[in-house]
Amino acid sequence: MENLKLVIVGHVDHGKSTLIGRLFYDTDSLPEGRIEEIREICEALGKELEFAYVMDHLEEERDQGITIDTAQTFFRTKKRQYTIIDAPGHVEFLKNMITGASQAEAAILIVDVNEGVQEQTRRHAYILSLLGLDQVIVVMNKMDLINYKEEMYDEVKKELLKFLESININPTYVIPISAKEGDFIAKKTRNLSWYDGPTVLEALDTFKTKNSPRDKPLRFPVQDVYKYDKRMIVGRIESGIIRVGDKIKILPSGEETIVKSIAEYMKENVMQAEAGKSTGIVTQDKVFVDRGDVITHLEDLPVITDTINAHIFWMDKQPFKKPERLLFKCATQEVMCSIEKIERVIDSSTLRLLRRDADEIRNREVADTVIKTEKPVVVEDFNKIQELGRFVLQRKDTCAGGIITNIQKE
Amino acid sequence: MIIIMAVDALEYEKVEEFNCRNLKQKCYGKTDISEFSQPRTMVLWSSFMTGKNKEEEVLRKGDKEMWNITWGLEETLFSEFKSPVVLDLPGFNYDKKVHDKSRELLKKFFDAKDDEEKRKIRREYNNDAFEHHKKVKQDFLRAIKEKHDLVLGYFSIADVIGHLNFGNTTMMRMIYKELDEIAAEINSKGKLIILSDHGMKPIGVFGDHSSYGFWSTNFETKLRNPRITDFYDFIIELKRKQE
Amino acid sequence: MNHLDRLESKSIFIIREAYKKFRKIGMLWSIGKDSTTMLWLAKKAFYGRVPFPVIYIDTGLHFKEMYEFRDECVKKWGLKLIVSKNYEEAERRGIGPEAKLECCTVRKTEALKKTIAEYKFEALLLGIRRDEHGIRAKERVFSPRNRDFMWDYKDQPPELWDQFKTRKEGEQHLRVHPLLHWTELDIWEYIKREKLPVNPLYFAKKGKRYRSLGCMPCTSPVESEADTVDKIINEVRESKVAERSGRAQDKEEANAMQKLRALGYM
């Protein structure tokens, strides 16, 4: 069954867990007996049924709780299965939120119509745009608390859309809902008769699963070289299609050869492999090739450089201070680097400029930087080919994620 | 007014895990009950209210009789107050019938032969605990509205439910949230101390007592890892400072 | 490329990455459907060979059919099998299934600790999936464990864009989870597609089958008539009951009873 990875972001108190509970309940995707159990306990305590408790193992948020980590779980519609990556709202756990969101193919941004756009709302939206997530719907929650009136929804919607536009996000729908009461999640209710758009489930079904970038130029980062009966260059094709007989280039050295065969276990006569596939090729000539090299066709080449302009978001408690050296990892390339210039440092929630020409970057800050790698690397602009346009910086663990904005050719 | 929420088996780690802001109040931490050989409910609350280690005395009565112990008013810290209200505290004035029934059902549960019977008994056991909790909560909130210098409410729901359901995180989370809400409702009404005798740790789906308790106050205090017997003097000091 | 192709490619990528980064690596094989799928993915990744040892933890309490299935696969696929066991100690100390958690600790955890120390493994491949259980939903693909197999699920390194933690520190070993993003349904559909061998215990006999396999005393079958892979796929697709619900939930009952007695409750 087709699967779409979905992340739900927004302020911690705006009703994410209730929304998730509802999505599961309304699609009948709950484990047997779950809802009855919760209903019974709520009744025993003299309370109303709360959907937020439904997704217990997610350690999800409640009115006063904190989600500690991203966790993944599934619900189904007739069209497909949705993996929800519930990303924590609390600012403490931003790195966990980014880990989760970086795996998503689409996002729901939730806003409490009473509270309007908050700091966390903005920060999360900004991260979505940094991560290149462009399939977004907005849900305006807690409509029940304002009696489902259209005016307030319009007001908050206007403010939000203005902000989203400034960071290049175009939500396909802005849906008024009440997760608690169930309006417009799966059912169109009369409470919101003035809204003529789809329900949340209908909107989700309009998302497209991420099409592998088959139509982009070939980028095949080498993961390893196996010498069994033949010499096989293995890795995962990140974009484009490779075919038997293709003329290819090995970067950064520039050596050229031809694809002699494509090796797949227990399959004969494989003629091509496309983006997303982990495969292996055998080349006509015995070329020098190693992990970290990138194989391409002869035209439409990526950039080989040692100087990169990038937006990075720092996720480690220990700040970065010049002139620390870090490990730069992009696809299968790993080289040491230094951050030569920190041109601007931005607060990830307010998007306010904090410092210029800085010497350090702290946790949860976003910076415009110039990075110099100790050896030339093969990269792309993030907007052209994402897979070679994004990288991480590591000490022992990943400290920062980055996207390449503007490459200076050597 | 001095208010004490005596919550049996309130577990520090769970208060953290479920982020119960109102249970944590201003200052909070673990209590030291290492002087006792086992974290027994009757022993701990007896020691709390008398300020003395009552383990030997209580254990001498044997497992069955120990639940019937009642200390005289003069032996307890309540004698220092003009109009104290103490609700359902073991060793003082707790509802024997309710708690005896609960222990009986516990025994029946483990003696039961098949899963169906176990389910029925667990259901009854849980329902009784919730019912009793509603009653105590009602009495407690009412007493706080009246003019007393001390109100103590004993909440057994976390302990009773925990013994048979600690592994049911949803249930425990909801109970802790409920206790958190009660704390929120009363923390502006006086000096509030929240205290447990011991905590709880999991044995699969069941709960065992952990070897430390929980304490918190809505006022600044220099308490650091207090013994449960320290609260006798602490509370009396607190009363004196108020006058 | 369809859904299963994408899952397969991602897993192969992870397995090849682990092999490249860690000299001493082993694959945990529980003879169940998930780890057997993982084994097959390894064969695909390395073109028919499995260039590292396969570790089977023998608790001494497994179903006979599991041992048989294991031996068949080892022969057919030419595997380097390491049997990790500590059940003699358990038997000596009289620790059996009634001791529940302790039984798991002595027979499984201690056995694995011994094996890791003996072979000096730096990393282990495990076939766990996120949809199996709550706490597993929090796992990372490359996940560090300390010497006592502890991990802090709250404070894990971030994993972005398939860039994993591949630097080991000190006494740690790393756990690699190539199947994390697969569901129970995915596994069965893949088994069908690749025509993988299936342990007969998974098929229904006399109205019952095992949905998940563990040690004999602690694994119960579920009601089912599914005796072919296709029927299992239909059943799983419709099912809303958690996969591991047949594994002894109240196993700790005896322990709990004992504790409560000691506290004077009964």
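Two strands are taken to pair if DSSP finds at least two bridges between them. Helices (H or I, at least four residues) and strands (E, at least two) are DSSP runs, numbered from the N terminus. The structure described here is a predicted model, in which local features need pLDDT of at least 70 and side-chain atom pairs count only at pLDDT 80 or more, whereas totals for chains, interfaces and linings use all residues. Residues are numbered from 1 along each chain as its sequence is written, chains are lettered from A and ligands numbered from 1 in the order in which they are written, and side-chain values use heavy atoms, with hydrogens and water left out.

In chain B, six strands form an open sheet of mixed pairing, in the order E2-E8-E5-E1-E4-E3. Strand E5 (residues 191–195) and strand E8 (residues 212–217) of chain B run antiparallel and are joined by three bridges. Within this pair, B:Ile193 stands opposite B:Thr217 in E8(B). Helix H7 (residues 115–145) of chain B packs on the sheet, where it touches strand E1 (2–7), E3 and strand E4 (150–155) of chain B. The direction of H7(B) makes about 170° with that of E4(B). Contact means heavy atoms within 4.5 Å.

Chain C contains eight helices and eight strands. Of its 266 residues, 60% count as buried, where buried means under 20% relative accessible area, exposed over 50%, and partly exposed in between (1.4 Å probe, protein chains only). Among the contacts in chain C with a separation of 6 or more, 72% are accounted for by residues 24 or more positions apart.

Chain C also holds an open sheet of six strands with mixed pairing, in the order E3-E2-E1-E4-E6-E5. E3 and strand E5 (142–145) of chain C stand at the edges, and each has a single partner strand, so one side of each is left without a neighbour in the sheet. The twist from one strand to the next averages 30°. Strand E1 (residues 25–28) of chain C pairs with E2(C) in the parallel sense over two bridges, and C:Leu28 has C:Ile55 as its bridge partner in E2(C). H2(C) packs on the sheet and touches E1, E2 and strand E4 (123–125) of chain C, its direction making about 140° with that of E1(C). E2(C) and E3(C) run parallel and are joined by five bridges; the bridge partner of C:Ile55 in E3(C) is C:Ile82.

With 34% relative accessibility, C:Lys85 counts as partly exposed. Leaving aside residues up to four places away in sequence, C:Lys85 touches C:Asp58, C:Ala111 and C:Lys114. C:Lys85 and C:Thr59 lie 26 residues apart in sequence but 6.4 Å apart in space, C-alpha to C-alpha.

Helix H3 (residues 64–77) of chain C has 14 residues and reaches 20 Å from its first C-alpha to its last, close to the 20 Å expected at 1.5 Å a residue; the expected span is 1.5 Å times one less than the number of residues. Its buried residues are C:Met66, C:Phe69, C:Arg70, C:Cys73, C:Val74 and C:Trp77. They lie on the same side of H3(C), because they cover an arc of only 135° around the axis, the arc being that of the directions from the helix axis to the C-beta atoms. The face turned away from this buried side carries the exposed residues C:Lys64, C:Glu72, C:Lys75 and C:Lys76. The buried residues of H3(C) pack against helix H2 (33–45), strand E2 (54–58) and strand E3 (81–85) of chain C. C:Gly78, whose phi is positive, near 60°, follows H3(C).

In chain A, strand E22 (residues 365–379) is mostly covered, with 11 of its 15 residues buried. Strand E16 (residues 303–314) of chain A pairs with E22(A) in the antiparallel sense over 10 bridges, and the bridge partner of A:Thr307 in E22(A) is A:Lys372. Strand E19 (residues 333–347) of chain A also pairs with E22(A) in the antiparallel sense, over nine bridges; here A:Asp347 has A:Glu365 as its bridge partner in E22(A).

Definitions and conventions. Axes are lines fitted to C-alpha atoms, for helices over the stretch in contact, and angles run from 0 to 180 degrees between N-to-C directions.
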